[in-house]
Amino acid sequence: MSPASTAMQSADAATSPPAAGASARVVLETRKLCLSFGALQVTRNVDFQLRAGERHALIGSNGAGKSTLVNLLAGALQPQSGDILLEGERINKLAPFQRVRRGLVRTFQITALFGEMTPLDSVALAVCQANGAGLSFVGASAAHAGAVDEAAEILRTVGLLEHARDETRFMAYGHQRLLEIALALACRPRVLLLDEPAAGVPMAESRRLFQTLAELPDELTILLIEHDMKLVFQFASRISVLAEGALLAQGTPQEIAHDERVRQSYLGHSHA
Ligand SMILES: Nc1ncnc2c1ncn2[C@@H]1O[C@H](COP(=O)(O)OP(=O)(O)OP(=O)(O)O)[C@@H](O)[C@H]1O
Ligand SMILES: [Mg+2]
């Protein structure tokens, strides 16, 4: 039996957080979303729903189309057909930065860009940017003290306050990935999209990263792509499974664990 199957079975142990109620408001939705790269259909008629406050995991084999779906949601890719709705409003035509302004924020592996800055400076810069004053942030003038205070609070939230004045490039990799989450939080997201936030992070550090994610405010809605089924089942209140670009199943961890199609198409082949 694969490790993924074991994790799925242990879903019965009810370690997963309670699901946001099925009655919770839908914040982000796709309807019949489609995208092909040449002859390869990577997003097939996807009807996906993300409800307020969910900790929603998107799982599926390599190449199933998970990152593509997140790129469509964030606006990095344009669908060939179908709709994306944020709080009921169609956002297909909005540029990525416009989606960020509306609270739909994804993380990027961008700490390399800020390698010579401290986390406090880069998060304060991101806060200034979110306030519409990014380019005027040169030296921490009194006018920016508020941004610096907010940055410190965000760094506290992700457990990086003690590293606030370190040089980013010398920080542990897991801490750099936490900084990426801090930079996303500086955009004041309502919906946070995380594509394998712990990829490449040593196990001990990835547990801490997930602990930090689990402790983010309840009102923040999170969509997470992750291959490690143990982490998925500890974290998620709801799970969607993609297979060959199509949504195979969507449900609570228990429902997904017992879904025969998911077992056959994903669990047997999972490398997790
Ligand atoms: N820009 C592109 N041009 C052509 N094909 C692409 C492009 N981006 C992705 N693909 C293909 O689309 C399919 C889905 O890719 P995607 O990155 O969404 O998968 P994934 O589920 O995120 O996989 P992984 O778990 O490995 O990250 C793959 O077959 C991939 O090779
Ligand atoms: Mg991917």
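Which residue is the bridge partner of A57 in β9? In this predicted model, that partner is I239. The pair belongs to a six-stranded open sheet, and there is also a four-stranded open sheet to look at. Helix α2 lies across strands of both, and α2 also supplies residues to the shell around ligand 1.

**The six-stranded sheet**
- Reading across, the strands go β6-β7-β8-β3-β9-β10, and the pairing is mixed.
- The edges are taken by β6 (104-106) and β10 (246-251), each of which pairs on one side only.
- Ignoring direction, neighbouring strands here are turned by 20° against each other on average.
- A57 and I239 sit where β3 meets β9: β3 (residues 55-59) and β9 (residues 238-243) are parallel and share four bridges.

**The four-stranded sheet**
- Here the order is β2-β1-β4-β5, with antiparallel pairing.
- β2 (40-51) and β5 (89-90) are the edge strands, each with a single partner, so one side of each has no neighbour in the sheet.
- β4 (residues 81-86) and β5 run antiparallel and are joined by two bridges.

**Helix α2 and the two sheets**
- α2 spans residues 66-74 and lies across β1 (26-37), β2 and β4, at about 115° to β1.
- In the six-stranded sheet, α2 lies across β3, β6, β7 (191-195), β8 (221-225) and β9, and its angle to β8 is about 145°.

**Around ligand 1**
- There are 13 residues around ligand 1, and those that come nearest are V42, G63, K66, T68 and H227.
- α2 gives the largest share of this shell, with three residues, while β2 and α2 each supply at least two.
- Sorted by class, the shell holds four nonpolar, seven polar and two charged residues.

**Polar contacts to ligand 1**
- T68 puts a side-chain N or O atom 2.6 Å from an oxygen atom of the ligand.
- K66 has a polar side-chain atom 2.7 Å from a ligand oxygen.
- G65 uses its backbone instead, with an N or O atom 3.0 Å from an oxygen atom of ligand 1.
- As for cover, ligand 1 has 640 Å² of accessible area on its own, and the protein covers 58% of it.

Definitions and conventions
Residues numbered from 1 in each chain as written. Chains lettered and ligands numbered in written order. Predicted model: local features only at pLDDT ≥ 70, side-chain atom pairs only at ≥ 80, totals over all residues. Heavy atoms only, no water. Pairing = 2+ DSSP bridges. Contact = heavy atoms within 4.5 Å. Axes fitted to C-alpha atoms, helices over the stretch in contact; angles between N-to-C directions. Near = heavy atom within 4 Å. Polar contact = N/O pair within 3.5 Å; in protein donor to acceptor, adjacent residues only side chain to side chain. Areas by Shrake-Rupley, 256 points an atom, 1.4 Å probe, with all protein chains shown as cover. Nonpolar A, V, L, I, M, F, W, Y, C, P; charged D, E, K, R; others polar.
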